[in-house]
Amino acid sequence: MSFTRRIALASAALLMVAQPVFAATPAKPAAAAQKAGKKAAPASDFAPSPEAIKAHMTFLADDLMEGRETGTRGYDIAANYVAAQYALLGVKPAGDKTATGVSYQQHVPLIAFRGAGEGSFGLTGADGQTAALKYGEDYLPNPQAQSADLTVAAPLVFVGYGLVNPATGRDDYAGLDVKGKIVVMLNGAPSSLQTEERAHFSNPNTKRQEAAKRGAVGVITMSGPSAEKRRPFAAGAGMMRGWRVIWRDANDVGAIRAPGAPSLLSISQAGAAKLFAGAPTPLADVLAESEKPEGAIKGFALATKASINVKTEIEKRESSNVVGLIEGSDPTLKAQTIILSAHLDHIGMRENAKPGEDKINNGALDNASGIATLLEVARGFENSKARPKRSIILLAVTGEEKGLVGSDYFANNPTVKKTDIAADVNLDMPVLLYPFTDVIAFGADRSTIGEAVKHAAGRVGIALSGDPMPEEGLFTRSDHYRFVEQGIPSVFLMTGFQNGGEAAFKGFLKGNYHHPGDDLNQPIDYQAAAKFALVNYEIARELANTPARPVWKKGDFFGGTFAPAGHPSSAK
């Protein structure tokens, strides 16, 4: 498609959304309930428009956006589009304060970084002999946002999974002295942990923070047999030139967690064999133990010392979140906010596309569909006769694909009072390829948000299902988790596996996820999109109008970890 035709298509989409749209009539679960002899749930006051959702997706997933990668012109065009839609709807700006007033955009300053060569990794054995390990075969360096040329030399200590869990008394550092040393640890966490908690303890930031507390000066990671099978070491070599991104503060300092214990490099099974030469426990025994449910591997000092050099290309970039406000009606409750979040970015252009191949990753379902849902839910609130009691913040974020960067920036630098953020409802990658009849609400059962989800699903007439892929730990893998880390109860909805959902979801992951095939040529079901918007509208409305603020349930792991006693959302 020519550039001129892309402009025409984008303009047509904008005009289409700007005009009044006749909404399709939604399903009537109340009538179905009455027929079954049950008490009918109150009908919704909102009929989402499939046409409006299609128009938003048509603009955002067009080739003109060039995949909406964070920090690019395509992303900025998309951000301006979302801001324009907020204005058309009558949503108030809630971004940065400027000399001329309040903007819809919240500036997000970034540091982009990527590997700049092989670096080096040398080992010195107990006998004083030195050996250089091979790039791509034994190790892959991790680029460093804080240093273009970093050298660390120190003894090595193996710390198992590097897991510290006060709730169970587990401490993989017990009896080990790692001060001034480089720790070597297994990726992931033991399979015996509850899956979402396992995802938390598997997070490299969580692990590095524990290492830094104990004085470690660097981290090396290695995979056990199962992890190696899922994500082969060799596949990492192809990602070495990809840009990574973090946000930076007013002093241009990158928001790096535990900067004193940087992740230096990952090692292969072959590289691990060289590190473990002369170790008190053979590597084979370590790997065998790591596969057991508890993975209780006792750590030990390694006989080898390491000298590591990592070279990095670093540059500053700029991006933005797009923030709107629907002000609440209750004199007291309107000070509290319910966040509706969705990521606007995608992964941009394929660098390795062959001549004639499609190289634009349009991100239609990931996550133009989520942003379109956000905008349609906003229309529902703006057109409703009954204003929400709490205020609603509409948050389109940058950098989700780079590690939840934009949501992390907002969660740490909110444009509203942080203690007044009552909940987050996240909209990420609804797979709208079939007439879904159920949804999975990740995180709902961890807080009183669960009741709001239950009531909302009842009004729309859809079922709630359990997590069909617990091994993936999806609760920790999208933007809502940055709010969880601030102690804020959050929920993330996914279209469910009933009525053909499993085949549609797995087929999308296999064929079009993070691929140019995620475009508007897919058989997108816009009626299903309208239903997805309706259930999210009902959840947000329930949370906005319920007298009691959402709180974590007593004994919940995430509530206890991030919202201790005294926090506004702590268990009562």
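This is a predicted model: local features need pLDDT of at least 70, side-chain atom pairs count only at pLDDT 80 or more; totals for chains, interfaces and linings use all residues.
A pocket, as the term is used here, is an open set of grid points with protein on both sides within 12 Å along at least five of seven lines, and its lining residues have an atom within 4 Å of a point.

Let me start with the second largest pocket. Its volume is about 420 Å³. The lining of this pocket comprises 25 residues, and those nearest its centre are H200, T206, Q209, T561 and F562. Several elements give two or more residues to that lining: β9 (164-165), α5 (195-202), α6 (204-213), α11 (405-412), α13 (480-484) and α16 (557-562). Which element supplies the largest share of the lining? Helix α6 does, with 5 residues.

I turn now to helix α4. This helix covers residues 73-89, 17 residues in total. From its first C-alpha to its last, α4 reaches 25 Å, which is close to the 24 Å expected at 1.5 Å a residue. The buried residues of α4 are G74, Y75, I77, A78, A79, Y81, V82, A83, Q85 and Y86. As background to that list, an α-helix has 3.6 residues a turn, so residues three or four places apart point the same way. Just after α4 comes G90, which adopts a positive phi of about 90°.

The next topic is strand β5. Together β5 and β6 form a hairpin with 5 residues between them, and G128 in its turn has a positive phi of about 85°.

Finally, I would draw attention to T312, a residue of strand β15. Is T312 buried or exposed? T312 counts as buried because its relative accessibility is 6%, and the cut-off for buried is under 20%. A polar atom of the T312 side chain lies 2.9 Å from the backbone nitrogen of Q144. Leaving aside residues up to four places away in sequence, T312 touches F113, R114, A116, P143, Q144, S147 and A148.

Thank you; I would be glad to take questions.

Terms used
Residues are numbered from 1 along each chain as its sequence is written. Side-chain values use heavy atoms; hydrogens and water are left out. Helices (H or I, at least four residues) and strands (E, at least two) are DSSP runs, numbered from the N terminus. The expected span of a helix is 1.5 Å times one less than its number of residues. Buried means under 20% relative accessible area, exposed over 50%, partly exposed in between (1.4 Å probe, protein chains only). Two strands pair if DSSP finds at least two bridges between them. A polar contact is a pair of N or O atoms within 3.5 Å; within protein, one must be able to donate a hydrogen and the other to accept it, and residues adjacent in sequence count only if both atoms are side-chain atoms. Contact means heavy atoms within 4.5 Å. On a 1 Å grid over the protein atoms alone, a cavity is a set of points where a 1.4 Å probe fits but cannot get out, and a pocket is an open set with protein on both sides within 12 Å along at least five of seven lines; lining residues have an atom within 4 Å of a point. Grid points are joined across faces, edges and corners, and a volume is the space filled by probe spheres set on the points.
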